[in-house]
Amino acid sequence: SGHLPDSDAPTVLKYGLKHVTKLIEEKKAELVLIACDVDPIELVVWIPALCRKMDVPFMIVKDKARLGALVHQKTCAVVAVTAVDV
């Protein structure tokens with residue numbers, strides 16, 4: 001019923017710049033989604049470099065409102081997926 005018995009952590013989306021940065025640095029993020037329309041762009045422009053350095057895959061999505069819909073907020077600049085079901 002969508003539950004993995006051997007996994008301790010559930011599949012979750014984490015959001016917020018500080019939280020996602022910490023997850024990337026600790027290599028707990030398995031995928032990072034970055035909005036392309038963040039203003040000022042300097043808030044997120046360094047995240048792809050950090051993801052490359054830590055070997056974390058990232059993707060740039062069209063609208064921060066789409067990311068916000070994922071986490072039940074109005075908008076969101078960056079989202080991290082901490083576990084991926086294969």
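Reply: In this predicted model, the largest nonpolar core holds 22 residues, and the members that touch the most others are Ile-24, Ala-29, Val-32, Ile-47, Val-56 and Leu-67. Two or more residues come from each of α1 (17–25), β2, α2 and β4 (78–81). The biggest share is that of β2, which supplies four residues.

Val-56 shows how some of these members meet. Leaving out residues up to four places away in sequence, Val-56 touches Ile-24, Ala-29 and Val-32, and also Glu-30, Leu-31 and Cys-51.

The strands come next. β4 is joined to β2 by four bridges, and the two strands run antiparallel. Within this pairing, Leu-33 has Val-79 of β4 as its bridge partner. β4 also runs antiparallel to β1 (residues 13–15), with three bridges between them. On that side, Lys-14 stands opposite Ala-80 of β4.

In a regular strand, side chains alternate between the two faces of the sheet. In β4, Val-78 and Ala-80 point one way, while Val-79 and Val-81 point the other way. All four of these residues are buried.

Helix α1 includes Thr-21. Thr-21 counts as buried because its relative accessibility is 14%, under the 20% cut-off. Apart from neighbours within four places in sequence, Thr-21 is in contact with Trp-46 and Leu-50.

Together with Ile-41 and Val-45, Trp-46 makes a nonpolar surface patch of about 270 Å².

The structure holds one salt bridge, formed by Glu-26 and Lys-28, whose closest N and O atoms are 3.5 Å apart. That distance is within the 4 Å limit, so the pair counts as a salt bridge. Glu-26 is partly exposed, with a relative accessible area of 38%.

Key: Residues are numbered from 1 along each chain as its sequence is written. This is a predicted model: local features need pLDDT of at least 70, side-chain atom pairs count only at pLDDT 80 or more; totals for chains, interfaces and linings use all residues. Side-chain values use heavy atoms; hydrogens and water are left out. Patches are made of residues with over 30% relative accessible area and no salt bridge: like charges are joined within 9 Å, nonpolar side chains (Val, Leu, Ile, Met, Phe, Trp, Tyr) within 5 Å. Accessible areas come from the Shrake-Rupley method with a 1.4 Å probe; for residues, only the protein chains shown count as cover. A salt bridge is a side-chain nitrogen of Lys or Arg within 4 Å of a carboxyl oxygen of Asp or Glu. A nonpolar core is a set of buried Ala, Val, Leu, Ile, Met, Phe, Trp, Tyr and Cys residues joined through side-chain atoms within 4.5 Å. Buried means under 20% relative accessible area, exposed over 50%, partly exposed in between (1.4 Å probe, protein chains only). Contact means heavy atoms within 4.5 Å. Two strands pair if DSSP finds at least two bridges between them.
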